[in-house]
Amino acid sequence: MSRDSAAAPGVRIRGLTVVYKTPAGELPAVSGVDLTLAPGTITGVVGESGSGKSTLALSLLNAVQPPGRISAGSVEIDGLGDVLALGGEELRRARGRKVGYVFQAAQNSLNPLKTIGKQLLDLGRSHDVDDLRELVRDAKGLLARMGLDGARVLDSHQHELSGGMRQRVGIMLALVLNAQVVVLDEPTTALDMITQATILRIIREVHEERALTTLVITHDVGAVAEVADSLAVMYGGRVVEHGPIAEVLGGPRHPYTQGLIRAIPRLSGDISLARALPGRPPTLGTLPVAGCVFRERCDRRMEICDTVEPEPVTHDGRTVSCHATGRPSPAVKRREYA
Amino acid sequence: MTRAVRERPQGAAIARRVAGHIGRGLVMIWVVATISFFIIREIPGDPVQGMYETLLQKGMSPDQAERATAVLYGFLPTGSLWHQYVDYMWSLLHLDLGQSLSTPGVKVTSLIGSAAQWTVLPVLAGTLLSFLLGVTMGVYAAIKRSGKLGDLLALSGSLLHGVPVYVIGLLLTAIFTTLWPILPAGGPVDVAYVPGFNAGYIGSLVYHAVLPVATYTLASYGGWILAMKSNVVAVLGDDFILAAELRGLRRGFVFRYLARNAILPLFTILALSIGMLFGGSIFIEEIFNYPGLGLLLVNSISTRDYALMGGAFLVITVGIVVANIVADLLYTAIDPRVRSGETA
């Protein structure tokens, strides 16, 4: 397969704010997020349910669904410009062609009434692909690359494929038009451990072969640790910590990241060492309006946290939004990640 | 595009499926024919006996009355119930439904045949029209469901769904034949025309059919639009629609994905309601004076015309059984999940 060896595009998210219309007014699911995806890297985004990570992922395609609405910010992708400024046909063409999106495996992202091959042709026709035969060849090549029998898969309907196979089909459809930015939303959720490992390996390998810029959304810290170069931790619609993955997991600075890592049970050693984070994740309605969103569950809460929202501070390539990080933190080093 | 790698169930499997359906359908028809045969004969009131007694009251002697009755009906019932049943089944095998009792000397099949022409075409037209209209409007109602147009369409569906067919029929009659008389009040065709394949006759047929078809369409439109709207809304929430949009598929493709998935469950209902049309629509036939199957059935019951009743029931049964078979085969053709379920 011939690929134009253009350098992977960088992605810069600036001041992204997404609000959802609720009976209590418009509430922010993502507020003022700055996140830079370095060209050619895999960035993992972790967070609890409702932390805004899926909304962030959809924003990369300007596809936040009503009642949600992107109210501020920009998403600059090299070679494409500000995605949030695109609309209509321009936006449709950018989707699939420039930015590939892979759905969660257990969700049905394929039309149940059409074979995969026919859906592939629909995709090609939608993007004015001249040589549909070559598209089918590329698709078969990608599927073979992921360990599937391309001809057989293209002739199948969705219900004839397993979850792991569907997920690989999803990855194929996201890449077959040579998208250089790929967003994977919970790519391994609801897959068994072995299949998870396979999918993660495929993501890593395809990412390197095709010089992609990849964003992986997950709530599974273990999964993201396998593939990502850098890690962004989301809480209450904010990126509270972002940095190289080994450093973030090996020496988390934000109290939330620390709590998250403390909560992971270890394979060896005492299970009771795993501590659940106290309290509950915030919902749109319970999110505090002023001050730090994490203070209710924080073990290092200070007076200032109640009134002033911490600004992201970048130091040594790590960005942390916390008033308390200036102070020495209790070491929660985990040897697996160090 | 891609060669079929695995064998799909073709030819032989489909023939086996059809044969199975036909076998089960025949059994079903036999069961219904048997049950209706006995039930009909257990209804109080015997038309031959009735005629005999009427003649007696007119002053005939019993002998005379019996002979007159025999001449009138062409036979006198003598055999036991079981004997009659065997006879009935034997004629049924020869597609002979016997002779009508209320119109002596006329075959039931020809009565049903002539009534069917006044039922099948108008009701079929009404069913298909309401289906097309309801499904199209249902899609719009679903897509525009947060706007005024969507509300309006959904409201029209709920309203029409709630109004009984005879009220719609009477309203339309009042409006278009009295207040604004542009359409004929009743009867299936203007008797001035010679029946046959000529423009005048066919034009008159169509002209007379406007009101009954409109009534039928309006009466069933509500159900279709409501069902289609809720199906489309459900499919809109499915992930593959969002996924298709995020892959940058053209609107046309996304719309087709949506419509095909949403319309699927409605095909079964459509096939069944087409099967039901052999029962006629008594209200519409009554209001617009169409001598159709519904009226035929009701009249046969009131005159205790056993043969005709049995025939009318049988026609309804056959219609529904055939519709079921067609619905099932249609489903096999349009839903791949059903297709592969059968190979497993």
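Modeller: Helices (H or I, at least four residues) and strands (E, at least two) are DSSP runs, numbered from the N terminus. The model is predicted, so local features need pLDDT of at least 70 and side-chain atom pairs count only at pLDDT 80 or more, while totals for chains, interfaces and linings use all residues. Residues are numbered from 1 along each chain as its sequence is written, and chains are lettered from A and ligands numbered from 1 in the order in which they are written.

Colleague: As what does B:V106 count, buried or exposed or partly exposed?

Modeller: A residue is buried if 20 or more other C-beta atoms lie within 10 Å of its own, exposed if 12 or fewer, and partly exposed in between, with C-beta atoms placed from the backbone. B:V106 has 14 C-beta neighbours inside 10 Å, and therefore counts as partly exposed.

Colleague: Which residues does B:V106 touch, not counting residues up to four places away in sequence?

Modeller: Two residues are in contact if their C-beta atoms, placed from the backbone, lie within 7 Å. By that criterion, and with residues up to four places away in sequence left out, B:V106 touches B:Q99, B:S100 and B:L111.

Colleague: What radius of gyration does chain B have?

Modeller: The radius of gyration is taken over C-alpha atoms, and the globule rule is 2.2 Å times the number of residues to the power 0.38. The C-alpha trace of chain B spans about 90 × 60 × 40 Å along its principal axes. For 344 residues a compact globule would be near 20 Å, but the radius of gyration of chain B is 26 Å.

Colleague: And what radius of gyration does chain A have?

Modeller: Chain A contains 10 helices and 12 strands, whereas chain B has 14 helices and zero strands. With 338 residues, a compact globule would have a radius near 20 Å, which agrees with the value for chain A, 21 Å.

Colleague: Which helix gives the largest share of the side of chain B that touches chain A?

Modeller: In total, 23 residues of chain B are in contact with 31 residues of chain A. Helix 9 (239–246), helix 10 (251–276) and helix 14 (336–343) of chain B each give two or more residues to that side. The largest share, five residues, comes from helix 9 of chain B.
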